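Me: I have a model open here and want to go through it with you. Can you start with the chain layout?

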Amino acid sequence: MADHKITRRTLLTGTAAAGALSLTGFPARAEVNWKKYAGTKLEVILAKGPRGDNLQKYVKEFTDLTGIQVESEQIPEQQQRQKCVIELTSGRPSFDVVHLSYHVQKRQFEKAGWLADLTPYMKDPTLTAPDLVESDFSAAGLQYCKNDKGQMLSLPWSVDYFILYYNKELFQKKGVAVPKTFDEMVAAAEKLTDPKEGTFGFVGRGLRNANMTLWTNFFLNYGGEFLDAKGNILTDGPEAIAATKLYQTLLTKSAPPGVAGFNWMESMASFTQGKSAMWIDGVGWAPPLEDPAASRVVGKVGYTVVPAGPKGQYSATYGDGIGVAAASKNKEAAYLLCQWVVSKTQGARLLQAGGGVPFRNSILNDAEVQKGVKMPREWLQSVIDSAKISKLGLPVIIPVAEFRDLVGAGITATLAGSDPATELKKAHDQFRPILERSEKA
Amino acid sequence: MTQSAPAAAPIGAAPEKQLRPPSYWPFVVPALVVVLAIIIFPWVFTIWMSMNEWKVGSPTTFVGFSNYLRLTSDPRFAEAVGHTLVYTVLSVLLPLVFGTFAAVVFHQKFAGRGFLRGVFIMPMMATPVAIALVWTMMFHPQLGVLNYLLSLVGIPAQLWVFHPATVIPSLVLVETWQWTPLVMLIVLGGLAAIPTEPYESAQIDGASLWQVFRYITLPLIMPFLFIAGMIRMIDAVKSFDIIFAITQGGPGSASETINLYLYSVAFVYYDLGYGSAIAVVFFLLIVALAAVMLYARQRMLWTEIASGA
Amino acid sequence: MTAKQIISRIGLWFAVFVIVSPAILFFLWMASLSLKFEVDNAAYPPVFIPEHFAWKNYADVLASNRFLTYFINSLVVTGSATALALLVGVPAGYGIARMAAHKSAIVILIARITPGLSYLIPLFLLFQWLGLLGTLVPQIIIHLVVTVPIVIWIMIGYFETTPMELEEAALIDGATRWQVFRHVALPIARPGIAVAFILAVIFSWNNFVFGIVLAGRETRTLPVAVYNMISFDQLSWGPLAAAALIVTFPVLLLTVMAQRQIVAGLTAGAVKGG
């Protein structure tokens, strides 16, 4: 199925993408000996999505360049995370290269020592192309890929900002302006809600766990910080309560019925059907929204940054990286693949297809690359603007899954009418011992 | 390893040809080996893990019963037990009622009965993950076909699996749809064994359909209903595929049963020690229930024999 | 035919209709979903019969994702697990029934009621240690957890109902117990074996929890493959429903074809054992 989607996207975005792009990812310098590991066979485990698609589609070029064979597979996110952990624990993973979600797995992978240190490779001119330098990665990327000792344990691949998608047609019909602040957003959402016509002002993730990625946008803009200096979790303070109230208001008064069970998939369905006027979610959904086979709102979608809160304006940021398993026997070859994955060529392709945003500034700010973007200009602008106000969207701790489950469940409960402060307190009473246990161990 | 064992059976059995208490053990040995390897060993290991702090990616340490102690003060576990009980009771009773009705109908003779019976049991045979995905689409509050069907008869749209108050009944609906056929088959077997004389005399006495069912059929199929109830209970308690694929325990944690929580702890949080403790307690719970039912079954069997059935 | 008979006939057919329609409507709707393009599938009010059939959904599923490999994997896992289960389970059922060994039946019951999840981690570590991961062997073995109890359970029930007289006569005539089993008990139990076979096949085929952890790229079974098809970047009900239908189709076919055996077996004695 991944295959047919690529086909579809390619059809949609036209064949220009490849042509417009000069294959300048690796300048021909004598220093890097690409063919040194020719004949090696690498196994790659990927989370399903546009990033994985982008790798698989062009990996033949990597093989042509290096003579390294690559076997890869995409598995849905949840199973991929699970499978990686189980195999890495076993000490004999079936893969050399691993695609990881920083916002969920960073600390866990670091603490367990599952990833090979890439720092020496980065410094080795026979292994690393001169254009790949640490300073090219954005701050969030470096924050994600380095451990506290400053070692690079992976290469930052694709960043995911949360942005506001809105339906221009519905906005026009009701004469509503694009909101710049939370207050305006609430007012707009109410105005845009018309249950008789089956249209709603706002849609977003209500599902436990998934909803945390939306909620933290609110939390950050109310001035929230996840952890204090001692590593205590702070997501039940006044900022969190305010964020939860906003979340509750939007999702109970202006959202489609059943939103408590919506993940991005259901939210997107509602939005692509023209049933919801606003949607806050990851930046990577533009391709399906602009795909006539999947969407009824093609050409009517507006893209902008998440509205400002009383204490600031941030874009909650998540990200993927690509790293080498410490247990791999082909670390150098695997590193070459990682390098190719985050290369300018591959990064540009990812951005231009709307499938993700490279962490490398040299790609994002390249006018030529920008020109080749197949998504609406507004989308690209929202990406660039979000990059400026980017802030990590989840606490960097080991038990991220428990955090998302417990606090997420409390937040979902407020959609059925529970009190935000009570639910947050309950969730944190359960979460604190878990956090303490995990950081102590 | 197991292939040669049945062949070896006659050697062990040959010497004693008299009808003394015969040893049938050789027949059982291969299965026993398999059961030891794939069922007993995992259990022993699980119990060992449950006594350790065993988190993936960290070294393990022996902690005795502290994982079990942690269970007693875990509100999420307590909630999960509640959800499991509600889910189980509903998922036993509804299929019993509908299954009995269906069995009575299928006990009649009509054209195409075999084929329709085959169609009727399709839900229980279909791949659970596959049908769960389709049910998820049908439950969709805005685009789902179920709300459309309701709207045709003037019932307002429901939230189905998307509201804490309706999620368990909605899941039970799927479970009932899926497993009513099993109850039907079991009860049908019971009906086939019922002698015809009582019905003939009832007809002469002019009893109503309901009276016939209530006073003749029901008592006679009671043992079968009981067995169906037991099987249903075991399956419903550990129901996983349907809940996992449709709600993953949500919204919030409104449909999180013990099995779902166990999954989260072991395979999402990678807390294998605590997960093992949950598995052990969960297992003891089911064993307790099953033991009660097995005891009841023995009694049923005796009643059956005593009554000459 | 009297008026009363006609009425009761109509009532019967109405009852039949009510009983069977949930199953029929569900599978028709599943087929409908699988044959629609995504725009139709997400439309409200729902489109029942689309203007254009999306046969492409099926073509896509079959063409991509190495469907054939996964199909063969499923076949191998289910086939081996069922064959092994019959090999050890039928004699065991016989032995337990003849010994009236209800205690050992409890072990089977325990196996039957243990949640599948709790086997997963210990067995995974074991397979890891044995170096079996990456092959189909771990899945075949763990599927025995499903098939062996089914077979033993059904066979106990079946052998309990088969008459003892013939066997006793054969024993008096000097037959060994193995001969009695092979030539007297087994032929009589053939319908029961058929039922055990069919049910073991179905439940093994349908299992997906084990595969999630144990299956790699080369060793994935169909249900896992379907679950992995849940699309990442769009709502794709059509291909998903098509894949779901393809996976469950062999089972449905088996059900309708072998419904006589299933019903006969379950009603005639298998269930008495349960």
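Reply: Read along the sequence, chain C follows the pattern α-α-α-α-α-α-α-α-α-α-α-α-α-α. That is 14 helices and zero strands, where helices (H or I, at least four residues) and strands (E, at least two) are DSSP runs numbered from the N terminus. This is a predicted model, in which local features need pLDDT of at least 70, side-chain atom pairs count only at pLDDT 80 or more, and totals for chains, interfaces and linings use all residues. Residues are numbered from 1 along each chain as its sequence is written, while chains are lettered from A and ligands numbered from 1 in the order in which they are written.

Me: What is the mean pLDDT of chain C?

Reply: The mean is 82, and 92% of the residues of chain C reach 70 or more. pLDDT is the predictor's confidence in each residue, from 0 to 100.

Me: Which element of chain C has the lowest mean?

Reply: Helix α14 (residues 259-273) of chain C, at 55; helix α4 (residues 67-99) of chain C has the highest, 91. Over residues 268-274 of chain C the pLDDT is below 50. Where pLDDT is low, the predicted coordinates should not be read in detail.

Me: New topic. How many residues of chain B are in contact with chain C?

Reply: 75 residues of chain B, against 81 residues of chain C; a contact puts the C-beta atoms, placed from the backbone, within 7 Å. Helix α2 (residues 25-50) of chain B gives the most to the chain B side, with 13 residues.

Me: And the core, which residues touch the most other members?

Reply: In the largest nonpolar core, of 324 residues, they are Leu337(A), Met155(C) and Ala244(C). Such a core is a set of buried Ala, Val, Leu, Ile, Met, Phe, Trp, Tyr and Cys residues joined through C-beta atoms within 7 Å. Buried takes 20 or more other C-beta atoms within 10 Å of a residue's own, with C-beta atoms placed from the backbone.

Me: What is Met155(C) in contact with?

Reply: Leaving aside neighbours within four places in sequence, the contacts of Met155(C) include Gly89(C), Val90(C), Tyr94(C) and Ala196(C).

Me: Over to chain A. How many residues of strand β4 of chain A are buried?

Reply: 13 of the 13 residues in β4(A) (residues 155-167) are buried. β4(A) pairs antiparallel with strand β8 (residues 315-324) of chain A over six bridges; pairing takes at least two bridges found by DSSP. In β8(A), Gly321(A) is the bridge partner of Pro156(A). Five bridges also join β4(A) to strand β6 (residues 276-282) of chain A, again antiparallel.

Conventions
Two residues are in contact if their C-beta atoms, placed from the backbone, lie within 7 Å. A residue is buried if 20 or more other C-beta atoms lie within 10 Å of its own, exposed if 12 or fewer, and partly exposed in between; C-beta atoms are placed from the backbone.
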